[in-house]
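Thank you all for coming.

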Amino acid sequence: MSAVTAAKRFRTKAPSNSAEWRALKDHYKKMEVVHLRELFAEDPKRGERFSLQAVGLFLDYSKNRITDETLNLLFKLAEASRVRERIEAMFTGQKINVTEKRAVLHIALRAPRGEQIFVDGTDVVPEVHAVLDKMAAFANRIRSGDWKGHTGKRIKNVVNVGIGGSDLGPVMAYEALKFYSERSMQFRFVSNVDGTDFAEAVHDLDPTETLFIISSKTFTTLETMTNAHTAREWLLHGLGGDESSVAKHFVAVSTNSAEVSKFGIDTANMFEFWDWVGGRYSMDSAIGLSTMLAIGPDNFREMLDGFHEMDVHFRTASFEKNLPVLMAVLSIWYNDFFGAQTVAVLPYEQYLKRFPAYLQQLTMESNGKSVTLNGKPVKHDTGPIYWGEPGTNGQHSFYQLIHQGTRLIPCDFIGFGKSLNPLGRHHDLLMANICAQTEALAFGKTAEQVKGEGTPDWLVPHRIFEGNRPSNTIMAEKLTPRVLGKLVALYEHSVFVQGAIWNINSFDQWGVELGKVLAQRIIPELESKDEPALHHDSSTNNVIREYRKLKAN
Ligand code: F6P
């Protein structure tokens, strides 16, 4: 199906004009004043009823401001938004990224060998596995020391150079799966065009033992290309300027073989992916080469299997039993009816320290949109702001605002039954904090309770916790490559469902273009020797002049 047909097919009337949306608005008026304390008091089994086990993940969603009626209404909204049909359209390779006329097939990256998924009449699954096999062969050569650097030394350092989806997924996955990584090797990630990022990443590295992976879907991104050229100079400087050394120390991950050759990397050392993989959905494509080098091909495939398990669950489970659908409709409930502006993601697992940063691109680049598929302005709020930090650090920083501030901040708590580093009582103490925080957020502390503790009257208002702050708790047995795959796919598909309900295109990112274009115009104005004629607004002109003065001093 062409992009135009796909767009037409999913053109529905504005979601906020639908009967289902209006029913939710009316329902919200009732629910806005209901406290979680009442909901739990009314139903002693609420905790069990509003929890779900699927594909090895546990979700407790009982501490949300919902009833059975709320969920029914939200599922009706999802049905009216043709979520089921849209899921099928994605899984069958239809061009649902209508503004870029592309299929959206990150699910093909983890499809098992033998499955068939067609794009423009070609089954893409064999191509996916051919690249995975090539990555595995390369990873084995590097990890075993068979691949030697230009001077014959084995590669000990891997530097991924990329930005956005070509960085955040790899960094997050490396940190998340460090426990499984090859500890005799070092992994570094350079993304920022700020030279400090590169300088610090390589300051203690020996070029003769260093491999650069230049990761860029387009191979034209300013930051990545600037860092890639600097890396080339750094390598050549360290290896006496011998150009032939590049072949042993640089590989590329890209969809653009022409640009890769132009840069000077042999396309034999290029790992390919495809335009139907969005940057922020690419960590399980060849963009994950650094991850595979770190954890090995078997663990990487385990991670892909985890993604796939969640894909199958998402495609087949009923809405009531569907983890991504549940997470998505809850997010819509707070975002569009309670007016919540943000979602906090709070992993109680140090290895997931970059997970919130990763989710920021996934969620906000996907659903930060203000026009519908028809190009009409949306009449409802779209993508909430995602943010977060690992627990328990956040507790001693911003949780105060979540507990007693004026804003409603739904939270996703993530924890595990077992620690990968079981040390004394640490893990029970960590997990006690998840339970305590979600309990405190939901139930709070009333004036009576505070007074009952002998608190003087003047202090009572300061010590009241209103409660009624919603949260989800997601748990798994322990953090493994497979579980990481499931977790990422859970959020990917939740983003998809939210975008489908808002009737927006979650798969383009035109909003990042304007700044890039303007920067290209400004670069020569900053670099020119002579004072340039400036034609911006007075503020931008003034900032440019001031910068030129400061750098000249
Ligand atoms: O600027 C946004 C963006 O296009 C992201 O969507 C993408 O992940 C990132 O830039 C990097 O792009 P590339 O992989 O093409 O260098």
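The second largest pocket holds about 420 Å³ of space, a volume being the space filled by probe spheres set on grid points joined across faces, edges and corners. A pocket here, on a 1 Å grid over the protein atoms alone with a 1.4 Å probe, is an open set of points with protein on both sides within 12 Å along at least five of seven lines, and lining residues have an atom within 4 Å of a point. Of its 16 lining residues, Q350, S419, H426, H427 and L430 are the closest to the centre.

This is a predicted model, in which local features need pLDDT of at least 70 and side-chain atom pairs count only at pLDDT 80 or more, while totals for chains, interfaces and linings use all residues. Residues are numbered from 1 along each chain as its sequence is written, and side-chain values use heavy atoms, without hydrogens and water.

Turning to the largest pocket, we find about 900 Å³ of space, and among its 37 lining residues T218, T221, Q509, E513 and K516 are the closest to the centre. Helix α22 gives the most to this lining, with five residues, where helices are DSSP runs of H or I, at least four residues long, numbered from the N terminus.

Finally, the axes of α5 (residues 68–80) and α15 (residues 323–338), lines fitted to C-alpha atoms over the stretch in contact, come within 10 Å and cross at roughly 100°, on a scale of 0 to 180 degrees between N-to-C directions. The two helices are therefore roughly perpendicular to each other, a term that covers 65 to 115 degrees.

Technical notes
Parallel < 35°, antiparallel > 145°, perpendicular 65-115°, else oblique.
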